[in-house]
Amino acid sequence: MKKFFLIAVCLAAGVFPAPFSARAHFGMVIPSDSMVGPKDPRVLKLEASFSHPFEGAGMDMEKPKVFGALAQGKKTDLTGSLKQTRIMGGAAWRADFAVKRPGAHIFYMEPRPYFEPAEDCFIIHHTKTVAAVFGDDEGWDAEVGLKTEIVPVTRPFGLYAGNLFQGIVKKDGRPVPHARVEVEFYNREKKLRAPADDMITQTVKADANGLFSYAAPIPGWWGFSALTRADHTLKHKGEDKDVELGAVIWVRFHPFLSSD
């Protein structure tokens, strides 16, 4: 996939350039809040899409195959509550989720395969995010059991911009050594412009145990997408095509000492 790198951030985050190829894609699951307090609205608004988040370019996404929540060890299927919408100009999905119990809530999605002609392969991004409810963070590092997923080592909420985020890339429940992880900022308001294409997406590399690290330089939602190849192919117009798997997690970073 096309590599874009934010050079000013690279040195601080330990990011090193990789060869140029195609534009980065990100599965996205974004809640209206990452920390629900006792006085906050009890309904989280969830948005699911497939996009180029920094560039604000959405792609049409079919209704996800799986969309759910994991809290206190229990999974809730939310697929039936999805309603079609448009996000960044692309067909996307939304759902309302009423929070009732304290604890970390993991919202996750398995989309249907997306064929990318520019890369001549299918893309499936197993995507998740974590929200804390009523001041209880129990369960933030629970594994959903997706085909591939990023298991956070750093608590994935209540973070300041500049904090170091760490996660372990897993596939079939096992760490992926030296996995490539693409990182991108959700430029939702399109207020930011990169001086050059090579300053949009960063790439970090996991260590031998699948552990990666990244320090977000500014507040907002940041996506981390660990890319691997599936051990199977899918048919497209009668031909076998490779399948790119993405383990994606979205994490919100806040301004230092802000009430936002």
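1. D172 is partly exposed, because its relative accessibility is 35% and the partly exposed class lies between the buried limit of under 20% and the exposed limit of over 50%. The structure is a predicted model, and this residue takes part in a salt bridge within it: D172 pairs with K147, the closest N and O atoms being 2.8 Å apart. The pair links distant parts of the chain, for D172 sits in the loop between β14 (164-171) and β15 (174-175), and K147 in the loop between β11 and β12, 25 residues apart. K147 likewise counts as partly exposed, at 30% relative accessibility.

2. A second salt bridge joins E149 to K128, with the closest N and O atoms 2.7 Å apart. Here the partners belong to strands: E149 to β12 (residues 148-152) and K128 to β11 (residues 121-133), 21 residues apart. Are these two residues buried or exposed? E149 is buried, since its relative accessibility is 3%, and K128 is buried with a relative accessible area of 1%.

3. K65 forms a salt bridge with E110, in which the closest N and O atoms are 3.9 Å apart. This pair also links distant parts of the chain: K65 lies in the loop between β4 (57-59) and β5, while E110 lies in strand β9 (residues 103-110), 45 residues away. K65 counts as partly exposed, at 49% relative accessibility.

4. The whole structure holds 11 salt bridges. Through shared partners, salt bridges join D120, E239 and K241 into one network.

5. The largest pocket has a volume of about 370 Å³. Its lining comprises 19 residues, and Y186, R188, E189, G220 and W221 lie nearest its centre. Strands β1 (26-31), β3 (43-52), β19 (220-229) and β22 (243-254) each supply at least two lining residues. By class, the lining has 9 nonpolar, 3 polar and 7 charged residues.

6. The second largest pocket contains about 270 Å³ of space. Among the residues that line this pocket are A69, L70, F97, K100 and H105. Which element gives the most to this lining? The answer is β5, with 3 residues. By class, the lining of the second largest pocket has 6 nonpolar, 3 polar and 3 charged residues.

7. On the surface, Y160, F256 and L257 form a nonpolar patch with about 350 Å² of accessible area together. L257 is found in the segment after β22. This residue counts as exposed because its relative accessibility is 64%, and the exposed class begins over 50%.

Note on methods
Residues are numbered from 1 along each chain as its sequence is written. This is a predicted model: local features need pLDDT of at least 70, side-chain atom pairs count only at pLDDT 80 or more; totals for chains, interfaces and linings use all residues. Side-chain values use heavy atoms; hydrogens and water are left out. On a 1 Å grid over the protein atoms alone, a cavity is a set of points where a 1.4 Å probe fits but cannot get out, and a pocket is an open set with protein on both sides within 12 Å along at least five of seven lines; lining residues have an atom within 4 Å of a point. Grid points are joined across faces, edges and corners, and a volume is the space filled by probe spheres set on the points. Helices (H or I, at least four residues) and strands (E, at least two) are DSSP runs, numbered from the N terminus. Ala, Val, Leu, Ile, Met, Phe, Trp, Tyr, Cys and Pro count as nonpolar, Asp, Glu, Lys and Arg as charged, and the others, Gly among them, as polar. Patches are made of residues with over 30% relative accessible area and no salt bridge: like charges are joined within 9 Å, nonpolar side chains (Val, Leu, Ile, Met, Phe, Trp, Tyr) within 5 Å. Accessible areas come from the Shrake-Rupley method with a 1.4 Å probe; for residues, only the protein chains shown count as cover. A salt bridge is a side-chain nitrogen of Lys or Arg within 4 Å of a carboxyl oxygen of Asp or Glu. Buried means under 20% relative accessible area, exposed over 50%, partly exposed in between (1.4 Å probe, protein chains only).
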